[in-house]
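Student: Can you take me through this structure? I would like to ask as we go.

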Amino acid sequence: MDHFSNQSKSAALPGAATPRLADWRANAADGLVFIALGSNLGDRAANIRGALHELERAGVARLIQCSRLVETDAVGGPADQPRYLNGVARLATSLDPHELLIALLRVEQLFGRVRDERNAPRTLDLDLLLYGSLRLTSTRLTLPHPRMWDRDFVMTPLAEVCDAAWLETVRTAAPAREQKEPVDVR
Ligand code: ADP
Ligand code: MG
């Protein structure tokens with residue numbers, strides 16, 4: 001559908017060797033960071049493609065793989081919004097989760113994101129879905145992204161770029177794991 005779709009800059013999905021859950025820092029460096037990509041204003045594909053290029057250009061993350069971009073109806077927000085283009089990118093990064101979130105918000109702004117009412121149309125939405133196996137709740141960031149599991153427009157493209165067995169292990173990991181790793185919560 002889009003020439004940027006499904007490109008892979010490294011080996012294929014972990015596949016046979018499902019990545020281990022334990023070390024979320026190593027997970028991130030190894031390319032188990034997943035972000036949701038969305039746009040329903042302007043040149044939607046160009047916004048998403050440009051955002052991924054900017055993340056690489058600025059040294060925020062390395063793009064491992066991007067799903068196909070799928071067109072979906074807007075969920076919530078004002079009636080008669082334009083349809084979304086959605087996808088999921090798999091990244092490797094050495095930034096910590098909060099640094100990565102700040103970088104994603106900066107790129108949203110660079111592409112003209114205006115924050116007004118909730119679920120309003122936007123040129124670009126970059127949500128941090130998974131930072132390896134990390135579970136985290138801070139004032140600015142919740143991981144895994146709390147609404148991702150119920151959103152087809154996230155889970156369908158995510159399935160293209162994420163090992164299913166690993167994802168299931170992350171989804172079902174006991175919340176008790178949450179505080180085991182020292183996390184810098186700002
Ligand atoms: P949404 O994407 O749900 O429409 P926004 O893009 O406006 O909402 O994000 C609002 C805020 O949600 C962000 O400024 C950020 O601090 C917070 N947030 C909490 N967890 C996450 C996450 N996992 N990914 C992205 N933003 C998050
Ligand atoms: Mg968002």
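Tutor: Strand E4 (residues 84–92) has eight buried residues out of nine, so it is largely enclosed by the rest of the structure. Buried means that 20 or more other C-beta atoms, placed from the backbone, lie within 10 Å of the residue's own; 12 or fewer means exposed, and in between is partly exposed. Strands are DSSP runs (E) of at least two residues and helices (H or I) of at least four, numbered from the N terminus. This is a predicted model, where local features need pLDDT of at least 70 and side-chain atom pairs count only at pLDDT 80 or more, while totals for chains, interfaces and linings use all residues. Residues are numbered from 1 along each chain as its sequence is written, and chains are lettered from A and ligands numbered from 1 in the order in which they are written.

Student: How many bridges join strand E1 to E4?

Tutor: Strands pair if DSSP finds at least two bridges between them. E1 covers residues 33–39 and runs antiparallel to E4. Phe 34 stands opposite Arg 90 there. The number of bridges is seven.

Student: In E4, which residue is the bridge partner of Leu 63?

Tutor: Look at strand E2, residues 62–66. E2 pairs with E4 in the antiparallel sense, over four bridges. The partner of Leu 63 is Leu 91.

Student: And which residue in E4 is the bridge partner of Val 70?

Tutor: Turn to strand E3, residues 70–72. E3 and E4 are antiparallel, with three bridges. The partner of Val 70 is Asn 86.

Student: How many residues has the largest nonpolar core?

Tutor: In soluble globular proteins, nonpolar side chains tend to be buried together. A nonpolar core is a set of buried Ala, Val, Leu, Ile, Met, Phe, Trp, Tyr and Cys residues joined through C-beta atoms within 7 Å. Val 33, Ile 35, Ala 51, Val 88 and Leu 129 have the most contacts inside the largest one. Its residue count is 44.

Student: Which strand supplies the largest share of the shell around ligand 1?

Tutor: The shell residues have C-beta atoms, placed from the backbone, within 6 Å of the ligand. Among them are Asp 125, Arg 140 and His 145. Strands E5 (125–131) and E7 (142–143) each supply at least two residues. The largest share, three residues, comes from E5.
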